[in-house]
Every structure is written in structure tokens, then in C-alpha cells.
Amino acid sequence: MSTQLLAGSPSVPASVRSAASLWFIAVGTGAFESALAVADLLARGTASATGLAGGLGLRLAVFAGAILLAVRLRQGRGWARVALALTLGIFGTLSLVVEPVRWLMAGNSILGFFADADLMTLAFVLSRVVHLTAVLAAMALMFSPAANAYFRDIRSGLSPAPGETA
């Protein structure tokens, strides 16, 4: 793998490079949210470290997969764009919003929520907002006109993917 490829090929549009960076931010905020949730559960004594291990293992696998896909996206791999969109873009977004939507539909008050929220809860909410914003922005950038043209050119053979020869 060339040094130029690792640094980000200039032929990869800024929208694709930015989308990859936003996926890294989404992974980081997801990891932060997981750490907050685990700390809260352990502090309350409602879960044990061994009881949380399976969920943490699954999250770690998702985070590792997301990082791999974001790296491949940055390298101009169209399959990574599709995989990110279908897995994290659709199902991941749903997993981020289902619980808050259900909570709102149950008649709860946003103002009441913030009035009663402690620092840990506010940190979690802020992280979740950054996480969701990063995912939605990454999705938009991955399918921007410049990104679409870039991946279309690669697919049609008009332009080699970074690191490949023509």
C-alpha cells in the first residue's frame, strides 16, 4: 500500500474523505456512549462486568467493522459505501432513534427530561446528538454528486480506484 494511499489520494473527492472522517467520529461517539452506559450500570449496581461482556463484545465488533468500512470508503471502495449505508446508515440510525421516539410517543416531556437530567445523562445526550449528526452528514456526503460521479467512474473503469493502476 503506498504512502499516498494511506494519506488519502488526491483523486478521492473531499466529500468521500469527509464522509470517512465523519464515520470515525460516529464510532468515537458510539464508544463514548457505550462507556457512559457501562459506567452508569456498574455505578448503580444493576449489572456486572461479566454480564455486560457480550454486549460490549458485539459493540466492539460493530465499531471495528465500521472503522474498516470507513477506511475502505476513504480508499475509494464503492462496496464499502453500500455496506456503510445499508448497515450503519439505515439500521444504525434506527437503533439511535427508536428509543427516544418511543419515549416521546409515550407522552414524556423533553423539558421535563432536561430539568431532571444529571451530568452523565446530559453527556450521553450530547454524544448521541453528535453521533447521529455525524452519521446523517456522512450519508449525505457519501451520496453527494461528486461522490456519485467518482464511484460511477471507478465502476465504469474510467478511473482506477486509488492505489490501483490504470
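Reply: E33 is buried, with a relative accessible area of 5%; buried means under 20% relative accessible area, exposed over 50%, and partly exposed in between, using a 1.4 Å probe and protein chains only. This is a predicted model, in which local features need pLDDT of at least 70, side-chain atom pairs count only at pLDDT 80 or more, and totals for chains, interfaces and linings use all residues. Residues are numbered from 1 along each chain as its sequence is written, and side-chain values use heavy atoms, with hydrogens and water left out.

E33 forms a salt bridge with R128, and their closest N and O atoms are 3.0 Å apart. A salt bridge here is a side-chain nitrogen of Lys or Arg within 4 Å of a carboxyl oxygen of Asp or Glu. Side chains of opposite charge can pair when their charged atoms come close. Helices are DSSP runs of H or I with at least four residues, numbered from the N terminus. R128 is partly exposed, at a relative accessible area of 21%.

The structure holds 2 salt bridges. R44 also forms one, with D40, where the closest N and O atoms are 2.9 Å apart. R44 and D40 are separated by about one helical turn, because they are 4 residues apart in helix α2. R44 counts as exposed at 57% relative accessibility, while D40 counts as partly exposed at 22%.

Definitions and conventions:
Helices (H or I, at least four residues) and strands (E, at least two) are DSSP runs, numbered from the N terminus.
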